[in-house]
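Reader: I would like to go through this model and ask what stands behind the terms used for it.

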Amino acid sequence: MPIRAVLFDLDNTLTHRDQSIQRYSEVLLQQYQAYLAAPDLDKIQQIIRRIDNGGYPKKEELTHSSIGASVAHALQQELDWQAEVDFHDLTHFWFEHFGQCAVAMYGAVDLLVRLKQQGYALAVVSNGGHETRLNILRGLGFSAYFDVIVNSGLVGISKPHKDIFLHTAESLGVQVSECLFIGDHPVNDIRGAQQAGMQAIWLQGFHPEDTSLEVPRIQQLQELNIYLERL
């Protein structure tokens, strides 16, 4: 069957997670530098990267129910503050500003414009809270490109479970065999999409090579155009 819908993961597929953390750290330091005895951008970035772990936080690093609250707690405990800062204010700052600091993956804008012009149905399928996902897409300016935005916080199903992919195809009104999924994670994205019956492309560079995966690989999003032309 021909491809009628193109589905994307969010973090490290449409948005570059680490570059977003860099930008967020700069905004946070600008806001709170008067409270710090020794403003240290590198230390702020190190703390956030450790907790966030590329969007896949380790259980032992999550002191609270969300990445944002866990980051706030770590910053409060590990930075050298000369004036008291409120944990809830730091947490709110994350949820208010991290999405606004989202950095688009190189080539993402041009790709989405082209796919939309070519008439593909477009969707995002992501793990995480609904509002945080929407905030990132708004920060990128990408919301209007997508017909459907699905995330685990909204539907109660997480990747790699095939049902979140099946739900998205149904919401788009297409067959799973008519869907092409692009993501960076070999299990959550690629194996999950394949188990649902979708075609998949692995955007590499963020996770180790998995030679057991029988799937096309790309290094940059622009390469997707060539793949679709060949189809």
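Author: The expected span of a helix is 1.5 Å times one less than its number of residues. The model discussed here is predicted.

Reader: How do you know that the length of helix 3 agrees with that rule?

Author: Helix 3 has 12 residues, so its span should be 16 Å. The C-alpha atoms at its ends lie 16 Å apart, and therefore the two values agree.

Reader: Which residues of helix 3 are buried?

Author: Buried residues in helix 3 are Ile-67, Gly-68, Ala-69, Ser-70, Val-71, Ala-72, Ala-74 and Leu-75. Their cover includes helix 1 (17–32), helix 2 (41–52) and helix 4.

Reader: Why is Thr-91 called buried?

Author: Buried means under 20% relative accessible area. Thr-91 has 13%, so the term applies. Thr-91 is placed in helix 4. Leaving aside residues up to four places away in sequence, Thr-91 touches Gly-68, Ala-69 and Ala-72.

Reader: What makes up the lining of the largest pocket, by class?

Author: The largest pocket holds about 480 Å³ of space. Its lining has 26 residues, and Arg-17, Ile-67, Asn-127, Gly-128 and Arg-133 are the closest to the centre. Two or more lining residues come from each of helix 3 (67–78), helix 4 (87–97) and helix 6 (130–140). By class, 8 lining residues are nonpolar, 13 polar and 5 charged.

Reader: Which element gives the largest share of that lining?

Author: Helix 6 does, with 4 residues.

Terms used: Residues are numbered from 1 along each chain as its sequence is written. This is a predicted model: local features need pLDDT of at least 70, side-chain atom pairs count only at pLDDT 80 or more; totals for chains, interfaces and linings use all residues. Side-chain values use heavy atoms; hydrogens and water are left out. On a 1 Å grid over the protein atoms alone, a cavity is a set of points where a 1.4 Å probe fits but cannot get out, and a pocket is an open set with protein on both sides within 12 Å along at least five of seven lines; lining residues have an atom within 4 Å of a point. Grid points are joined across faces, edges and corners, and a volume is the space filled by probe spheres set on the points. Ala, Val, Leu, Ile, Met, Phe, Trp, Tyr, Cys and Pro count as nonpolar, Asp, Glu, Lys and Arg as charged, and the others, Gly among them, as polar. Buried means under 20% relative accessible area, exposed over 50%, partly exposed in between (1.4 Å probe, protein chains only). Contact means heavy atoms within 4.5 Å.
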